[in-house]
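Q: I would like to learn how to read the features of a model such as this one. Where do we begin?

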Amino acid sequence: MQKFFEENFPQQILINEPMKNHTSFKIGGPADILFLPQKISDIVSVIDFCKKNSIRYFVIGNGTNLLVSDNGFRGVIIKIGKNISQINLNGNEIEAGSGIFLSHLAKFALKNNLSGLEFAFGIPGTLGGAICMNAGAYGGEIKDVFVSAQILHDGQIKTYNDLNFSYRKSLIDENYVVLSAKIKLQNGNHDEIQKKMNEFSLKRRNSQPLNFPNAGSIFKRPKNNFAGKLIMEANLADYKIGGACVSSKHCGFIINTGNATAQNVLDLIHHIQKVVKDKFDVALETEIKFLE
Ligand SMILES: Cc1cc2nc3c(=O)[nH]c(=O)nc-3n(C[C@H](O)[C@H](O)[C@H](O)COP(=O)(O)OP(=O)(O)OC[C@H]3O[C@@H](n4cnc5c(N)ncnc54)[C@H](O)[C@@H]3O)c2cc1C
């Protein structure tokens with residue numbers, strides 16, 4: 001496998017690359033190969049090679065919703081980032097590569113007086129990750145602005161207009177790669193858009209433990225409730241296993257206090273789930289993805 005990459009993509013690979021360098025949790029053992037595609041055809045040929053040789057692969061964006069095992073990943077991690085982030089404006093539709101940061105996209109919308117993406121400013125992932133997760137905040141979700149996406153599936157690139165979006169979910173799983181997407185916004189007032197973005201940023205800074213590595217909300221919002229509130233009421237604020245700790249600033253977040261392992265985080269997740277189930281009869285479902 002290494003030979004294929006060294007011959008074809010010598011400048012675009014990292015071998016035995018610690019995944020803690022590519023996740024906002026700063027946790028995760030080595031990936032055999034971390035591949036940084038420069039263009040879409042690179043993604044197509046690497047996936048084709050992996051499939052033909054029965055090599056596992058997994059696509060990531062900015063790693064902000066991911067917990068990677070301490071043993072790392074046997075296979076190829078395809079990290080879609082700034083090389084796949086071209087952006088085009090057509091009226092009030094923006095088409096962008098899936099590696100663009102949501103915050104950049106939101107700033108581009110602001111620059112063009114387009115409203116609808118303010119909620120996404122401050123979500124630290126890429127457009128591809130946001131589509132996979134149907135990311136959302138402060139009353140907005142990607143599905144509200146989504147028009148279509150170019151997706152690689154079964155060796156073919158096709159346009160999809162409907163991705164079965166629901167709460168923090170879409171049809172995108174390991175078998176689909178989002179390459180680019182088109183979103184539709186409304187004409188708006190620059191100052192009002194800016195004001196909303198500032199308000200949301202301030203809310204985040206005031207309510208989230210942004211000074212520690214984390215992966216955002218660990219759990220999905222349970223019906224008619226909030227995971228963070230239940231965890232706080234279960235007296236789990238500051239509860240710690242190894243280096244993983246329930247943030248007292250926002251109990252829905254687990255923070256890495258310095259040397260947390262993936263196992264610490266998993267053990268803490270299971271402990272929280274058990275305590276909350278026993279106390280409130282609510283089953284907390286994880287929002288973050290676990291990769292092993
Ligand atoms: C401080 C903080 C705050 C956060 N706040 C929010 C919030 O308010 N709302 C919210 O919804 N989330 C939030 N998150 C979580 C996270 O930022 C989002 O889920 C984001 O959309 C993930 O994007 P990513 O590029 O980092 O994806 P990754 O974490 O790299 O991947 C997440 C999933 O998407 C898949 N994926 C990524 N790119 C592609 C692609 N191009 N094609 C196919 N699949 C792909 C991966 O395979 C994986 O299954 C927060 C996280 C942090 C650390």
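A: Begin with the naming of elements: helices (H or I, at least four residues) and strands (E, at least two) are DSSP runs, numbered from the N terminus. The place of Asp-238, for instance, is in the loop between helix H7 (227-233) and strand S16 (240-241). The model is predicted: local features need pLDDT of at least 70, side-chain atom pairs count only at pLDDT 80 or more, and totals for chains, interfaces and linings use all residues. Residues are numbered from 1 along each chain as its sequence is written.

Q: How many helices and strands does the protein chain have?
A: There are 8 helices and 19 strands in the protein chain.

Q: Is Asp-238 buried or exposed?
A: A residue is buried if 20 or more other C-beta atoms lie within 10 Å of its own, exposed if 12 or fewer, and partly exposed in between, with C-beta atoms placed from the backbone. Asp-238 counts as exposed because it has 10 C-beta neighbours inside 10 Å. Its phi is near 70 degrees, a positive value in a residue other than glycine. Arg-168, in the loop between strand S12 (156-160) and S13, also has a positive phi, near 50 degrees. Arg-168 has 17 C-beta neighbours inside 10 Å, so it counts as partly exposed. Over the 292 residues of the protein chain, buried residues make up 42%.

Q: How does the radius of gyration compare with that of a compact globule?
A: The radius is taken over C-alpha atoms, and the globule rule is 2.2 Å times the number of residues to the power 0.38. For 292 residues a compact globule would have a radius of gyration near 19 Å, and the protein chain agrees, with 19 Å. Along the principal axes, its C-alpha atoms fill a box of roughly 55 × 50 × 30 Å.

Q: Which residues of helix H3 are buried?
A: In H3 (residues 102-111), they are Leu-102, Leu-105, Ala-106 and Ala-109. The arc is that of the directions from the helix axis to the C-beta atoms. Seen down the axis of H3, the buried residues fall within an arc of 100 degrees, so they line one face of the helix. Contact requires that the C-beta atoms of two residues, placed from the backbone, lie within 7 Å. The buried residues of H3 pack against strand S7 (93-97), strand S8 (114-115), H4 and helix H6 (190-207).

Q: Which residues have the most contacts inside the largest nonpolar core?
A: A nonpolar core is a set of buried Ala, Val, Leu, Ile, Met, Phe, Trp, Tyr and Cys residues joined through C-beta atoms within 7 Å. The largest has 84 residues, and Leu-105, Ala-120 and Ile-131 have the most contacts inside it. Helix H8 (residues 262-280) supplies the largest share of this core, 6 residues. Ala-120 is in the loop between S8 and H4 and counts as buried because it has 27 C-beta neighbours inside 10 Å. Leaving out residues up to four places away in sequence, Ala-120 touches Leu-102, Leu-105, Ala-106, Ala-130 and Ala-135.

Q: How many residues surround the ligand?
A: A residue is near a molecule if its C-beta atom, placed from the backbone, lies within 6 Å of it. By this rule 33 residues surround the ligand, the closest being Gly-61, Gly-125, Gly-128, Gly-129 and Gly-216. H4 gives the most to this shell, with 5 residues.
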